[in-house]
Amino acid sequence: MKIAITGGIGSGKSYVCRLLTTRGISIYDCDNAAKRLMRTSPIIRQQLCQLIGPKAYHADGLLNKAEVANFLMASEENKQAINAIVHPAVAEDFLQSGMQWMECAILYESGFDHLVDSVIVVTAPLNVRLERIMQRDHISRESALAWINKQWPQSQLQQRAQFEIINDGRPLEPQIEHIINNIKE
């Protein structure tokens, strides 16, 4: 059985994943995998250079994050073109990893929900999410809200997920235990 953990920025999904790893559960991190594959995969490198141009990578072979980010943010078409290169590679990497669990912020947008049997969404009140993002990233409330508004609404994630962990200050361990027991059944 394959399980995904998702949630909007500032919801605490990474924290929940750390709690799960203390239980011996290995979790595939889609975001880190995408970054790793963009750095190391010759196929992705070739495709990104064809799409963006030779400036996609520095002369030393390192990914030019600023150039890729500028291209990505320029239009929805550019974003989709990069996703069409990176998402299939991450999906294949996950399937080959042998891991049962994945952490994926853009689970539905990427289509990765089709790779798993069950979805856990981590949610938190808007004010809590804003505070977390502002403290973590040292950004203004407006910038934090802009990031939140770029993602799917929590309500949409809640409707599609099979399980929810509410990360608003209440204990997380009992919620995690309840979900793990339900998944085992």
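User: Hey, in what order do the 5 strands of the open sheet come?
Analyst: This is a predicted model, by the way. In it, the strands line up as β2-β3-β1-β4-β5, and their pairing is parallel.

User: Okay, and which strands stand at the edges?
Analyst: Those are β2 (27-29) and β5 (163-166). Each has a single partner strand, so one side of each has no neighbour in the sheet.

User: What's the average twist from one strand to the next?
Analyst: The twist averages 25°.

User: Now the helices. Where do α2 and α5 sit relative to each other, roughly parallel or roughly perpendicular?
Analyst: The axes of α2 (residues 30-40) and α5 (residues 76-97) come within 9 Å and cross at roughly 110°. Angles of 65 to 115 degrees count as roughly perpendicular, so that is the label for α2 and α5. The crossing of α2 past α5 is right-handed.

User: Which residues meet there?
Analyst: From α2 you have C30, A33, A34, R36, L37 and M38, and they meet V86, A89, V90 and D93 in α5. Sorted by type, the residues of that contact are 8 nonpolar, no polar and 2 charged.

User: Switching topic: is S118 buried or exposed?
Analyst: S118 is buried, because its relative accessible area is 3% and the cut-off for buried is under 20%. S118 is found in strand β4 (residues 118-123).

User: What is S118 in contact with, leaving aside neighbours within four places in sequence?
Analyst: S118 is in contact with M1, K2, I3, A4, Q162 and F163.

User: Last one, H138. Where is H138 found?
Analyst: H138 is in the loop between α7 (126-137) and α8 (141-149). With a relative accessible area of 71%, H138 is exposed.

User: And what's its phi?
Analyst: Phi of H138 is near 55°, which is a positive value in a residue other than glycine.

Key:
Residues numbered from 1 in each chain as written. Predicted model: local features only at pLDDT ≥ 70, side-chain atom pairs only at ≥ 80, totals over all residues. Heavy atoms only, no water. Axes fitted to C-alpha atoms, helices over the stretch in contact; angles between N-to-C directions. Helix = DSSP H or I, 4+ residues; strand = E, 2+ residues; numbered from the N terminus. Parallel < 35°, antiparallel > 145°, perpendicular 65-115°, else oblique. Left-handed = near helix turned anticlockwise from the far one by under 90°. Contact = heavy atoms within 4.5 Å. Nonpolar A, V, L, I, M, F, W, Y, C, P; charged D, E, K, R; others polar. Buried < 20%, exposed > 50% of the residue type's maximum accessible area, 1.4 Å probe, protein only. Pairing = 2+ DSSP bridges.
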